[in-house]
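Take a moment to look over the model below. Then follow the paragraphs in order and find each part as it is named.

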Amino acid sequence: MHKVIYDTDPGVDDAMALLFLHRHPEIDLIGITTVFGNASVETTTRNALFLKREWSIAAPVAKGASVTIDPSRAEREWPAMVHGDNGLGDIEVPEKIDVALDPRPAHRFIIDTVRANPGEVRLVAVGRMTNLARALKEDPEIAGLVKDVVIMGGNFYVPGNVSPVAEANIHGDPEAADIVMTAPWKVAVIALDVTSITTMSRSYLGEMAAKGDEAVKLLDALSQSYIDFYKHAVEDGMMVHDSCAAVYVVAPELFSSISGAVRVVCGGIADGQTIIKPDGRRFPPGDWDGLPSQIICTGIESEKVIDLIRKALLRV
Ligand code: BDR
Ligand code: CA
């Protein structure tokens, strides 16, 4: 069993990945931590509690960061045109959900849970990296105690999605992402290089909903406006960014990768750009030297990934 803490900003594609992590038989979802990003942290936390309740997820929810790790960074607007004003495609979600939150802030929940399960926890982070960076700042030793970190974020050999060079999760808190990429733990980066070519069509999701239970029907409903948003890039379908990271947990063989030290540009016109120094390439001394080598996924078997998502969601 893979013990997973899911750090997320639900978020439409976050919701699909959550249902995958909840339903996959080899995954033990032991915690959900929330972060701001697709909406405010109040909204993403409310959404996580809503999905926990609707989908009968046992894992506790801990509320996380509401601002970047460097609080002097200017706030940006929420991406309402992508995920809706309420972060879940503007389906009806009650203002308040009568489900208790874990009393700890997300970064503390991460530290405690990692320390209670040394060498076992896999952190799957699909929002801004602020909670992970906070956890590392407060307790750097956890880097040696987690099994690995799987993140959805960044772009290496393809353009970004919020600027020509930056992806939303990294651009939303570049300093935090740089802390996470350069810490002495094992990070697998599931970037736009692979997530932007992994799409699910409206009809495929609709067929799943027709066969599936209420949980899949809810997922189908909340995904509709996100699919509408993607019409500039996908033919009547959506990129399933966060689910790619969730799938990597159980099926890394569906990905090809390179390795190397990764840095994140913090500031200027390339704010949030992720840059790898591939292992084996020689350069004069520079800012990538002496840093851990991370895994960067550059290839993906998209059809198999989509099929794996369908099987887990439909429990077939
Ligand atoms: C990432 O940004 C968010 O909009 C999605 O949930 C995903 O985590 C894609 O760039
Ligand atoms: Ca996300």
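At what angle do helix H4 (residues 106-116) and helix H5 (residues 130-138) pack, and how far apart are their axes? The angle is about 60 degrees, and the axes of H4 and H5 are 8 Å apart. Axes here are lines fitted to C-alpha atoms, for helices over the stretch in contact, and angles run from 0 to 180 degrees between N-to-C directions. Helices (H or I, at least four residues) and strands (E, at least two) are DSSP runs, numbered from the N terminus.

Before going on, note that this is a predicted model, in which local features need pLDDT of at least 70, side-chain atom pairs count only at pLDDT 80 or more, and totals for chains, interfaces and linings use all residues. Residues are numbered from 1 along each chain as its sequence is written, chains are lettered from A and ligands numbered from 1 in the order in which they are written, and side-chain values use heavy atoms, with hydrogens and water left out.

Back to the helix pair. H4 and H5 are oblique to each other. Angles under 35 degrees count as roughly parallel, over 145 as roughly antiparallel, 65 to 115 as roughly perpendicular, and the rest as oblique. The crossing of H4 and H5 is right-handed. A crossing is right-handed if the near helix is turned clockwise from the far one by less than a right angle, and left-handed if anticlockwise. On the H4 side, the contact (heavy atoms within 4.5 Å) is made by Ala106, His107, Arg108, Ile110 and Ile111. H5 brings Asn131, Leu132, Arg134, Ala135 and Glu138. By class, the contact of H4 with H5 has five nonpolar, two polar and three charged residues. Ala, Val, Leu, Ile, Met, Phe, Trp, Tyr, Cys and Pro count as nonpolar, Asp, Glu, Lys and Arg as charged, and the others, Gly among them, as polar.

Now move to a second pair. Helix H9 (residues 202-211) and helix H10 (residues 214-229) pack at an angle of about 165 degrees, and their axes are 9 Å apart. H9 and H10 are therefore roughly antiparallel. H9 passes H10 in a left-handed crossing. H9 contributes Arg202, Leu205, Gly206, Met208, Ala209 and Ala210 to the contact. Among the H10 residues in it are Val216, Leu219 and Ile227. The contact of H9 with H10 has seven nonpolar, three polar and four charged residues.

Next come the charged pairs. The whole structure holds 20 salt bridges (a side-chain nitrogen of Lys or Arg within 4 Å of a carboxyl oxygen of Asp or Glu). One joins Arg73 and Glu175, with N and O 2.6 Å apart. This pair links distant parts of the chain, 102 residues apart. Arg73 sits in the loop between strand E3 (61-62) and helix H3 (80-83), and Glu175 in helix H7 (residues 174-182). Arg73 is buried, at 17% relative accessible area, whereas Glu175 is partly exposed, at 21%. Buried means under 20% relative accessible area, exposed over 50%, and partly exposed in between (1.4 Å probe, protein chains only).

H7 holds another partner. Asp178 forms a salt bridge with Arg263, and the closest N and O atoms are 2.8 Å apart. Asp178 lies in H7 and Arg263 in strand E9 (residues 255-264), so the pair ties together parts that are 85 residues apart in sequence. Asp178 is buried, at 11%. Arg263 is partly exposed, at 24%.

Lys311 and Asp307 are four residues apart in helix H12 (residues 302-314), about one helical turn. An α-helix has 3.6 residues a turn, so residues three or four places apart point the same way.

Which residues of helix H11 (residues 241-250) are buried? Ten of its ten residues are, including His241, Asp242 and Tyr248.

Finish with some backbone details. A cis peptide bond joins Pro10 and Gly11, with omega about -10 degrees. Asp236 has a positive phi of about 45 degrees, although it is not a glycine. Asp236 is partly exposed, at 43% relative accessibility. Arg315, in the segment after H12, also has a positive phi, near 55 degrees. Arg315 is exposed, at 56%.
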